[in-house]
Amino acid sequence: MVSKDSLTENENQEAAASFKKEMGYWNSTLNYLLVEDKEFFEIYKKLVSTPYKNNIIDAKSRELINVALSSSPTNLSKDTLKMHIENAFNQGATEREILEVFKLVSVLGMHTCAVGVPILVEETGEFKDTKLNANQEKLKEKFVEKMGYWHDFRNTLLLNDEHFFESYFQFLTNPWDSDILSPKLKEFIYIAIDSATTHLFDVGIRVHIQNALRYGATFEEIMEVLKLTSAQGVDTFYAGIEILNSVIAEKE
């Protein structure tokens, strides 16, 4: 006679194998959820696996978007980053493609200026009514031609420090000087990191949705990007369960 415990263990092994087949990974965090709260595990699986079942965005692109989310400076989840890099390689991604994702994501630091500079101008009045000179206008035109958008905080960057602006422009546009990643995927990555729960930069979300649509993205594809991004909340478990287990172990 098979014991109830053995039956449960077999069921758990089947559930783990099913999850790994569907999502491409399995780990101790997921195992903890499966063992401790199987009902919630099934709910969790349903949420995170939906974009994988829909298959509206190809498997490699999904994983590269997840790599972007996990490596974003507003998130930096090393556990999920390793998991999605491994998945990306399994789906055919190259080292160079992942490096390009890192380049795209790292420019998120400039949102400090996008938010902070307009406030600084309002509070000090500096450069408020100052016009760009001829050289600065050329730099602005070059930026708009390359990226397809502009925001007034960049006027202040130009007026305050042309050298810094040019450095920023080169940093931002370097990934756009190659076709290692498609323009549409680059915009999907920007949409994901701007709409991440830990950032929610609405100005950027709108700009990059507009750009993605210009590159041929569909409503359904952008919805899938937002669904992938919405699953970022599960990083709570990756950080929390490990600490929970360590505290329990210390108490025992």
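I began with a working term: a residue is buried under 20% relative accessible area, exposed over 50%, and partly exposed in between. I note that this is a predicted model.

**Entry 1: salt bridges**

I looked up the salt bridges and found nine in the structure. Side chains of opposite charge can pair when their charged atoms come close.

I took Glu 11 and Lys 38 to start with. Their closest N and O atoms are 3.8 Å apart. I then asked which helices this pair ties together. Glu 11 belongs to helix 1 (residues 4-23) and Lys 38 to helix 3 (residues 38-54), so the bridge joins parts that are 27 residues apart in sequence. I checked how open each partner is. Glu 11 has a relative accessible area of 35% and is partly exposed. Lys 38 is also partly exposed, at 31%.

I went on to Glu 22 and Lys 53, whose side chains form a salt bridge at 3.8 Å, N to O. Glu 22 is in helix 1 and Lys 53 in helix 3, so this pair ties together parts 31 residues apart in sequence. Is Lys 53 buried or exposed? Lys 53 is exposed, with a relative accessible area of 55%, whereas Glu 22 is partly exposed at 27%.

**Entry 2: a bridge within a helix, and a network**

I looked at Glu 86 and Lys 82, which form a salt bridge with the closest N and O atoms 2.6 Å apart. Both residues lie in helix 5 (residues 78-90), four residues apart, and are separated by about one helical turn. Glu 86 is partly exposed, at 41% relative accessibility. I classed Lys 82 as exposed because its relative accessibility is 54% and the cut-off for exposed is over 50%.

I also noted a network of salt bridges that links Arg 96, Glu 100 and Lys 103.

**Entry 3: aromatic pairs**

I searched the whole structure for aromatic pairs and got 16. Tyr 44 and Phe 237 are one of these pairs, edge-to-face, with 6.1 Å from centre to centre and 80 degrees between the planes. How many residues apart in sequence are the parts that this pair ties together? The parts are 193 residues apart, since Tyr 44 lies in helix 3 and Phe 237 in helix 14 (residues 235-251). Tyr 44 is buried, at 5% relative accessibility.

I then took Phe 165 and Tyr 168, an edge-to-face pair with centres 6.1 Å apart and planes at 80 degrees. Both lie in helix 10 (residues 162-173), three residues apart, which is about one turn of the helix. Phe 165 is buried at 1% relative accessibility, and Tyr 168 is buried at 6%.

Ring pairs join Phe 19, Tyr 25, Trp 26, Phe 40, Phe 41, Tyr 44 and Phe 237 into a cluster. Tyr 44 and Phe 237, the edge-to-face pair above, are both members of this cluster.

**Entry 4: charges over rings**

Which ring does the charged end of Arg 62 sit over? The ring is that of Tyr 52, with the charged end 4.5 Å from the ring centre. I found Lys 186 with its charged end over the ring of Trp 176, 4.6 Å from the centre.

Note on methods:
Residues are numbered from 1 along each chain as its sequence is written. This is a predicted model: local features need pLDDT of at least 70, side-chain atom pairs count only at pLDDT 80 or more; totals for chains, interfaces and linings use all residues. Side-chain values use heavy atoms; hydrogens and water are left out. A salt bridge is a side-chain nitrogen of Lys or Arg within 4 Å of a carboxyl oxygen of Asp or Glu. Helices (H or I, at least four residues) and strands (E, at least two) are DSSP runs, numbered from the N terminus. Buried means under 20% relative accessible area, exposed over 50%, partly exposed in between (1.4 Å probe, protein chains only). Rings of Phe, Tyr and Trp (its six-membered ring) pair if their centres lie within 6.5 Å; planes under 30 degrees apart count as stacked, over 60 as edge-to-face and the rest as tilted. A charge sits over a ring if NZ of Lys or CZ of Arg is within 6 Å of the ring centre and within 35 degrees of the ring normal.
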